[in-house]
Amino acid sequence: MSRVLVIGAGGVSSVAVHKMAMNSDIFSHITLASRTRAKCEAIADSVRQRTGVTIETAQIDADDVAATTALIRAVKPLLVVNLALPYQDLSIMDACLAAGAHYLDTANYEPRDQAKFEYSWQWAYQDRFRDAGLMALLGSGFDPGVTSVFTSYTRKHLLDRIDTLDILDCNGGDTGLAFATNFNPEINLREVTAPSRHWQDGQWIEGPALSNRQLFDFDQVGPKNMYLMYHEELESLAKFYPEIRRIRFWMTFGDSYLKHLEVLQNVGLTRIDPVMFEGREIIPLQFLQALLPEPASLGPLTRGKTNIGTIATGVKDGQVKTLYVNNVCDHEAAYAETGNQAISYTTGVPAMIGASLILTGQWQGAGVFNMEQLDPDPFMDMLNRHGLPWQVRELDSPLAF
Ligand code: NDP
């Protein structure tokens, strides 16, 4: 019997809360709080209709540490699941320490004024969480999250050593819209427009954004162009698996998305520095976000599948092998189950799984943890049982690029 407080009421949260309600033996009491209470109530209504479970709702501005601490003290959860935005990570971690609750998120901290994400800010909480006897689990989404666990599973069961690792993220879904982002537009565009970066022989190699393109034939999706990008799990995988010589992250983008992105960048609409407009400061990217569809609204529109996984080349029993571990998720099936598209689904389900492993004590520890530091087996088992089945395939040869 465990109480949980979920903060944030977007697409990812909606999936996670529906899935928690479907597992009420583990999540016996759920409170959902966000900046806009009406969004929490809409999710609560859907949860009640789909599962018969009643959840509580509350209003919170999670930038406010004192108010968040007071909410945690009032709700008394064992665990706070942060599904708001990366900007709130540190304030929610502070509130968890003050009120004495475990912490989980799906995306690492970003300061608002720099398009930059790295674990240093959250890793700096290591001693405080350890001394308080609390656990902070970072990045329990798909990537980071499932891809990190696919890597630790590969290392535990399939390879004695990993030499190269490629993470391939394909969204073959089509909304029919000219331009939409599949998760929070502001965070998504900051990530996509950042310079590419990958890990090679002990150092970061940087290049211009979206400049290295490869064609890859994805199972159940077909051939897609994918682009080399920086992504946050590269940093923790390089730290916790120093044996891996090269780690890269690839994401697919359609031509229409890239054409729109180029124009938006050229006219300055992806800028994150303030500009004066009619006598007041605005941030162009935040203005653009107000014009774009909310990810939570894309559910009924999206057709097609996602295919996300890891390709690791290394050695098993003296033989060089290349292993591909991946999941394919169908947007329409995800929508039928929870009312949300597959990007929210593939993030919300692992958030629920990470939360349940903490609540049931299968994952425990005092301090700040990344996903690949914990035993992959119970997580991999739950993926199969809760809507994200995975498969392992041996490839004939390492990637040719
Ligand atoms: P949405 O924009 O749909 O939802 C974000 C929610 O957070 C909204 O309900 C918003 O409230 C709420 N929120 C924002 N600021 C505050 C605040 N100060 N206090 C309280 N609530 C706040 O985003 P998504 O659901 O698409 O994404 C959620 C998180 O998941 C993001 O951090 C994203 O980076 C991460 N993510 C991780 C992935 C992974 O694989 N690891 C993949 C996809 C997303 P309101 O609507 O009222 O403004």
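This is a predicted model: local features need pLDDT of at least 70, side-chain atom pairs count only at pLDDT 80 or more; totals for chains, interfaces and linings use all residues.

Guide: Two strands are said to pair if DSSP finds at least two bridges between them.

Visitor: What makes β6 and β17 a pair of strands?

Guide: Strand β6, residues 135-138, is joined to β17 by four bridges, and since at least two are required, the two strands count as paired. They run parallel, and one of the bridges can be named, with Ala136 having Val368 in β17 as its partner.

Visitor: In which sheet does β17 lie, and in what order do its strands follow?

Guide: The sheet is an open one of seven strands, in the order β3-β2-β1-β4-β5-β6-β17, and its pairing is parallel. At its edges are β3 (56-59) and β17 (367-370), each of which pairs on one side only. Neighbouring strands of this sheet are turned by 20° against each other on average, with direction ignored.

Visitor: Which strands does helix α4 lie across?

Guide: Helix α4, residues 89-99, lies across β1 (2-7), β4 (79-82), β5 (102-105) and β6, and it runs at about 165° to β5.

Visitor: How do you know that the size of the whole chain agrees with a compact globule?

Guide: A compact globule of 401 residues would have a radius of gyration near 21 Å, and because the protein chain has 20 Å, the two agree. The C-alpha trace spans about 55 × 55 × 40 Å along its principal axes, and 48% of the 401 residues count as buried. Of the contacts with a separation of 6 or more, 73% are between residues 24 or more positions apart. The chain has 14 helices and 18 strands.

Visitor: Into which domains is the chain divided?

Guide: Domain 1 covers 2-138, and domain 2 covers 146-340 + 390-395; these bounds come from an automatic or database domain assignment. The centres of the two domains, taken over C-alpha atoms, are separated by 24 Å. Their contact takes 14 residues from domain 1 and 14 residues from domain 2. On the side of domain 1 that touches domain 2, the largest share, four residues, comes from helix α1 (residues 11-22), and the residues of that side divide into six nonpolar, six polar and two charged.

Visitor: Why is Asn307 called buried?

Guide: The term requires 20 or more other C-beta atoms within 10 Å, and Asn307 has 22, so Asn307 is buried. This residue lies in strand β15. Not counting residues up to four places away in sequence, Asn307 touches, among others, Cys170, Phe218, Gln220 and Asn326.

Visitor: Why does Asp317 count as exposed?

Guide: The limit for an exposed residue is 12 or fewer C-beta neighbours, and Asp317, with 7 inside 10 Å, therefore falls under that term. Asp317 is found in the loop between β15 and β16, and in this hairpin, which has two residues between the strands, Asp317 takes a positive phi near 50°.

Visitor: Why is Leu210 called partly exposed?

Guide: Partly exposed lies between the two limits, 20 or more for buried and 12 or fewer for exposed, and Leu210 has 19 other C-beta atoms within 10 Å, so the intermediate term applies. Leu210 belongs to the loop between β9 (203-207) and β10 (213-218), and its phi is near 55°, a positive value in a residue other than glycine.

Visitor: Which residues does a cis peptide bond join, and what is omega there?

Guide: The cis peptide bond joins Asp143 and Pro144, with omega about 10°. Pro144 is found in the loop between β6 and α7 (146-158).

Note on methods:
Residues are numbered from 1 along each chain as its sequence is written. Axes are lines fitted to C-alpha atoms, for helices over the stretch in contact, and angles run from 0 to 180 degrees between N-to-C directions. Two residues are in contact if their C-beta atoms, placed from the backbone, lie within 7 Å. The radius of gyration is taken over C-alpha atoms; the globule rule is 2.2 Å times the number of residues to the power 0.38. Ala, Val, Leu, Ile, Met, Phe, Trp, Tyr, Cys and Pro count as nonpolar, Asp, Glu, Lys and Arg as charged, and the others, Gly among them, as polar.
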